[in-house]
Amino acid sequence: MSDVLAYAELRGSQLRGVARETVTGARRLADELGGDVHVVSVGPPGSGEEVASLADYGADRIFTAEDGEFGAYHPDALVRAFQYLADQEEYAAILFPASARGKDLAPRVAARLGRGLATEITDLEVEDGEPVVTRPTYADKAYARVGFTESPALMSIRPNVFIPEESQGSGEHEELEVDADPVRTRVSPVETSEEGKLDVAEASQVVSGGRGMQGPDNWSLLEDLVDALGPGTALGASRAVVDAGWRPHAEQVGQTGKVVSPNLYVAVGISGAIQHLAGMRTSNVIVAINKDPEAPIFDVADYGIIGDLFEVVPELTEEIRKIRGDGG
Ligand SMILES: Cc1cc2nc3c(=O)[nH]c(=O)nc-3n(C[C@H](O)[C@H](O)[C@H](O)COP(=O)(O)OP(=O)(O)OC[C@H]3O[C@@H](n4cnc5c(N)ncnc54)[C@H](O)[C@@H]3O)c2cc1C
């Protein structure tokens, strides 16, 4: 029992970035266990071909179910697909992304299989032939190493932690027959944020603003910084500014917002309350700009700039533009 199953998350018929991260995590685990990586998706007609590209990230067997009903997220069909595969194959582990959809699906599959679930994991390894994972606890203030008493070990991986790695899998593609009915949960409609706008949870660089920004009209300062940092950068916000109606809830980072783990997190005019830190402290590099040297955000920051953000941010933006050769 050494094979690992990964959920290939789709939006419509497009693979989401987290699907490649999940398969990368599954590949790492399977390599240590000496097994194969299987992936499964449930999507609209034509989506299977896209999912088959996960062979380039180490998928050995690719199970896809296609149906016109599967254009939107279809948790009932997905649970049936996972149950079918778990009944057929003896998996050591099943991996999901801890994306919004993964957070909905993983507990459903865990309940159906009667297994526990380790959520938001940030690391995984094998000890004595069994998966052991690391996951944050107490609002990210501590990390727990968690083992599993039964197989398969179910886990969801925090987005942006497992950077996709190319690795050739054998990529055998098999079609699954999955019933669209009965339906107990129907998703409709799906409201997406502004067209083409990068989701803060998926961005590799995040610039977040807090109450120190003093009002919604000052956000162009942060938009300029996002622009200077280039593609892959998104805007985030503290809850204080979302509650004030300055920014949409989709941008909120923290315990009651989104958990992000980008390469670079720039906190501008954010004090660093524990509930905010819970959403960003696993970021790779944290930069804090705050006029209060005692602000708790400096306790987690790799680089801190003590100063007035209205002076610091334009200068920083200009310097980044110069370095990137965008003028200035
Ligand atoms: C159950 C619960 C859940 C919560 N969930 C979340 C959550 O998900 N996310 C979240 O963010 N919060 C959350 N909170 C709220 C959290 O406790 C804080 O109230 C909030 O994070 C504060 O936001 P802030 O840092 O923007 O504002 P403040 O705490 O008011 O900080 C503003 C900062 O800006 C600095 N500043 C002001 N002017 C300037 C300037 N000109 N230049 C530079 N710096 C300046 C100040 O020194 C200060 O540090 C939650 C609270 C509770 C109780």
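Biologist: Which helix supplies the largest share of the shell around the ligand?

Modeller: That is α6, with three residues. Helices (H or I, at least four residues) and strands (E, at least two) are DSSP runs, numbered from the N terminus. This is a predicted model, where local features need pLDDT of at least 70, side-chain atom pairs count only at pLDDT 80 or more, and totals for chains, interfaces and linings use all residues. Residues are numbered from 1 along each chain as its sequence is written.

Biologist: Which other elements supply at least two residues of that shell?

Modeller: Besides α6 (239–243), they are α7 (274–277), β16 (285–290) and α9 (309–323).

Biologist: What makes a residue count as near the ligand, and which come nearest?

Modeller: The C-beta atom, placed from the backbone, must lie within 6 Å of the molecule. Of the 28 residues around the ligand, the nearest are Gly210, Gly212, Ser238, Arg239 and Gly254. The shell holds nine nonpolar, 14 polar and five charged residues. Here Ala, Val, Leu, Ile, Met, Phe, Trp, Tyr, Cys and Pro count as nonpolar, Asp, Glu, Lys and Arg as charged, and the others, Gly among them, as polar.

Biologist: Helix α9 also packs against α5 (residues 220–229). Why are the two called roughly parallel?

Modeller: Their axes cross at roughly 20 degrees and come within 9 Å. Angles under 35 degrees count as roughly parallel, over 145 as roughly antiparallel, 65 to 115 as roughly perpendicular and the rest as oblique, so α5 and α9 are roughly parallel to each other. Leu221, Asp224, Leu225, Ala228 and Leu229 of α5 make the contact with Val313, Pro314, Leu316, Thr317, Ile320 and Arg321 of α9. Contact needs C-beta atoms, placed from the backbone, within 7 Å. Eight of these residues are nonpolar, one is polar and two are charged.

Biologist: And what makes α3 oblique to α4?

Modeller: Helix α3 (residues 75–88) and helix α4 (residues 100–113) pack at about 45 degrees, their axes 10 Å apart. That angle makes α3 oblique to α4. In α3, the residues Pro75, Leu78, Val79, Phe82, Gln83 and Ala86 meet α4 at Asp104, Leu105, Arg108, Val109, Arg112 and Leu113. This contact is made of eight nonpolar, one polar and three charged residues.

Biologist: How is the protein divided into domains?

Modeller: Domain 1 covers 3–175 and domain 2 covers 205–323, with bounds from an automatic or database domain assignment. Their centres, taken over C-alpha atoms, are 31 Å apart. Nine residues from domain 1 and ten residues from domain 2 form the contact.

Technical notes: Axes are lines fitted to C-alpha atoms, for helices over the stretch in contact, and angles run from 0 to 180 degrees between N-to-C directions. Two residues are in contact if their C-beta atoms, placed from the backbone, lie within 7 Å.
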